[in-house]
Amino acid sequence: MTGKTHIAFGVLIGTQYAIAQSQNISQFAAIIGTTALFSIIPDICHAGSKLGRKIWPISILIRLLFGHRTVTHSIFFVILTSILLYVLQVEMIYIFSAIFGVLSHLFLDMLTSSGVTLFFPWQKKIRFPFKFKTGGIIDLSLATTFSIVTMYIVYNEIVHRTIFWIK
């Protein structure tokens, strides 16, 4: 999937989590931003990705050491990320946001023919039986759909909270 699709899905997942967990508008935005950022972090192993172009030396190093869609596309990476954020004393709400972002990425990449090495270091690629081409019409349609659904959810939440406040 393209970076746009990963970000759109990350924002959708982050919005749902933020509605359920945030205490204020700043936390709401931070949760969505964290989930969106971590939804593209697994592609750090690809120098042509949105993130890989920004930090290409690290991207190339990870690709040389592990390859594409290996360690950064695994449960091991989810656990490693969680531990690192915990050691850095990041609040749990944001650690969960990061986990949801990475998992959203893995889920979408399992919809491609390349799949992911979900159980790295075991090299077996895990993919869904139905596959979509990265950058194809389905990929674009998913990004658009995720964005529209997110807008609907936010609109619906604003309307419900406004009605609640008025009462």
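User: How does the radius of gyration of the protein compare with that of a compact globule?

Analyst: The radius of gyration is taken over C-alpha atoms, and the globule rule is 2.2 Å times the number of residues to the power 0.38. With 167 residues, a compact globule would have a radius near 15 Å; the protein has 17 Å, which agrees. Along its principal axes, the C-alpha trace spans about 60 × 40 × 30 Å. This is a predicted model: local features need pLDDT of at least 70, side-chain atom pairs count only at pLDDT 80 or more, and totals for chains, interfaces and linings use all residues. Residues are numbered from 1 along each chain as its sequence is written, and side-chain values use heavy atoms, with hydrogens and water left out.

User: How many helices and strands does the protein have?

Analyst: Helices (H or I, at least four residues) and strands (E, at least two) are DSSP runs, numbered from the N terminus. Here there are 7 helices and 0 strands. From the N terminus on, the order is α-α-α-α-α-α-α.

User: Is Gly10 buried or exposed?

Analyst: Start with the cut-offs. Buried means under 20% relative accessible area, exposed over 50%, and partly exposed in between (1.4 Å probe, protein chains only). The areas come from the Shrake-Rupley method with that 1.4 Å probe; for residues, only the protein chains shown count as cover. Gly10 has a relative accessible area of 0%, so Gly10 is buried. Gly10 sits in helix α1. Of the 167 residues of the protein, 44% count as buried.

User: And Leu106, buried or exposed?

Analyst: Leu106 counts as buried, because its relative accessibility is 2%. Leu106 belongs to helix α6.

User: How far apart in space are Gly10 and Ile32?

Analyst: Look at two separations, one in sequence and one in space. Gly10 and Ile32 are 22 residues apart in sequence and 7.6 Å apart in space, C-alpha to C-alpha. Leu106 and Phe146 are 40 residues apart in sequence; in space they are 16 Å apart, C-alpha to C-alpha.

User: Which residues form the positive surface patch?

Analyst: Patches are made of residues with over 30% relative accessible area and no salt bridge; like charges are joined within 9 Å, and nonpolar side chains (Val, Leu, Ile, Met, Phe, Trp, Tyr) within 5 Å. A salt bridge is a side-chain nitrogen of Lys or Arg within 4 Å of a carboxyl oxygen of Asp or Glu. Lys and Arg count as positive and Asp and Glu as negative; His and the chain ends are not counted. The place of a charge is NZ of Lys, CZ of Arg, CG of Asp or CD of Glu. Here Lys4, Lys50, Arg53 and Lys54 form the positive patch. Helix α3 (residues 50-54) gives the most, with 3 residues. Lys4 lies in helix α1 (residues 3-21). Lys4 is exposed because its relative accessible area is 59%.

User: Which element gives the most to the nonpolar patch?

Analyst: The nonpolar patch covers about 1000 Å², and Ile75, Tyr86, Phe96 and Phe119 are among its residues. The elements that give two or more residues are α5 and α6. α5 gives the most, with 5 residues. Phe119 lies in the loop between α6 and α7. Phe119 counts as partly exposed, because its relative accessibility is 44%.

User: Where is Pro121 found?

Analyst: Pro121 is in the loop between α6 (92-109) and α7 (137-166). The peptide bond from Phe120 to Pro121 is cis, with omega near 15 degrees.
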